[in-house]
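Please read the points below with the sequence and the structure at hand.

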Amino acid sequence: MERAKVLARAIGIGLAAVLAITLLAAAVEFTASYGSSIDLGRIDGVLGSDWDDAQRHECRMGKYAAEVYLKYDDGFFYVAMVIHTSKEIRGTFEAWVFFDDGDGKGYEKGDDMLSVVADGGKREKADYYFEGKHDFVLDTRGGGENNATGAGRYDDVGKAYTFEFRRELASGDAKDVQIEDEAIVDIEYGWSSY
Ligand SMILES: [Ca+2]
Ligand SMILES: [Ca+2]
Ligand SMILES: [Ca+2]
């Protein structure tokens, strides 16, 4: 398995945030965007004009150049990723986003997680709960509810994997990190293939 990790610190729902690419020790501060809503039907792995008003960051995720887009509206937080590869990877390629549960330690048991595999833009439940190690379970299998949707695909023209996620800011579900006004949320994102 290949894994790359990027740490983002999102401050407030007004969201100022600090992005630290751990592998490269580069840090960028940014303020996430409050923007237009993205309907569920537009979560299809094709990044359109929905993302024009998002914060855009260029970074590396392991060996790939990538762009990450972050925005939110009154009810949802949105993440998109473009991960550049010259050809489609054999096997499964997935993107994921961790939301720290508030203890300041990311990527560990109890954290909230979004994930979806690239599958031609097929829209899937993306709301997981992280049990530690590589063990993550859909909220719906652990007594919670699904509050997030994602889709991804390989873009043969743009030569990149493209992913879109939409999650509720504050679902009330115990399996989710609640993003409230003025909250501080630590985010990690990346990809895996297997
Ligand atoms: Ca944590
Ligand atoms: Ca949930
Ligand atoms: Ca969850």
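1. Confidence. The model is a predicted one. The mean pLDDT over the chain is 81, and 81% of the residues score at least 70. Two stretches should be read with caution. Residues 1-7 have a pLDDT below 50, although the model gives this stretch 29 contacts beyond near neighbours in sequence. The pLDDT is also below 50 over residues 9-30, a stretch with 50 such contacts in the model.

2. Overall make-up. The chain contains 16 strands and zero helices. Of its 194 residues, 41% are buried.

3. Strands β5, β6 and β7. Strand β7 covers residues 64-72 and runs parallel to β5, residues 33-34, to which two bridges join it. In this pairing Y34 faces Y72 of β7. With β6, residues 55-61, strand β7 pairs in the antiparallel sense through seven bridges. Here H57 has V68 of β7 as its bridge partner. The two strands β6 and β7 make a hairpin with two residues between them, and G62 in the turn has a positive phi of about 60°.

4. From β7 to β8. Strands β7 and β8 are antiparallel and share seven bridges. Y72, in this pairing, stands opposite F77 of β8. Three residues lie between the two strands, which form a hairpin.

5. From β8 to β15. Nine bridges connect β8 with β15, and the two strands run antiparallel. F76 is placed opposite E168 of β15.

6. From β14 to β15. Strand β14 is joined to β15 by eight bridges in an antiparallel arrangement. A151 stands opposite E164 of β15. These strands also form a hairpin, with four residues between them.

7. The residue K159. Which loop holds K159? K159 is in the loop between β14 (148-155) and β15 (160-168). Its phi is positive, about 55°, although K159 is not a glycine. This deserves attention because most residues other than glycine have a negative phi. K159 has 12 other C-beta atoms within 10 Å, and therefore counts as exposed, the limit for that class being 12 or fewer.

8. The hairpin of β12 and β13. Strand β12, residues 127-132, and strand β13, residues 135-138, run antiparallel and are joined by four bridges. F130 faces F136 of β13 in this pair. The hairpin has two residues between its strands, and K133 in the turn has a positive phi of about 55°.

9. The nonpolar core. Which residues touch the most other members of the largest nonpolar core? They are V79, M81 and V97, in a core of 48 residues. Strand β8, residues 76-84, contributes the most to this core, with seven residues. As general background, nonpolar side chains tend to be buried together in soluble globular proteins. Beyond its neighbours within four places in sequence, V79 is in contact with V68, Y69, L70, V97, F165 and Y189. One of these partners, V68, is also the residue of β7 that bridges to H57.

10. The residue W96. W96 belongs to strand β9, residues 93-99. Why does W96 count as buried? W96 is buried because it has 26 C-beta neighbours inside 10 Å, while 20 or more are needed for that class. Not counting residues up to four places away in sequence, W96 touches M113, L114, S115, Y189, G190 and S192. W96 and A126 are 30 residues apart in sequence, and their C-alpha atoms are 8.9 Å apart in space.

Conventions:
Residues are numbered from 1 along each chain as its sequence is written. Chains are lettered from A and ligands numbered from 1 in the order in which they are written. This is a predicted model: local features need pLDDT of at least 70, side-chain atom pairs count only at pLDDT 80 or more; totals for chains, interfaces and linings use all residues. A nonpolar core is a set of buried Ala, Val, Leu, Ile, Met, Phe, Trp, Tyr and Cys residues joined through C-beta atoms within 7 Å. Two residues are in contact if their C-beta atoms, placed from the backbone, lie within 7 Å. Two strands pair if DSSP finds at least two bridges between them. pLDDT is the predictor's confidence in each residue, from 0 to 100.
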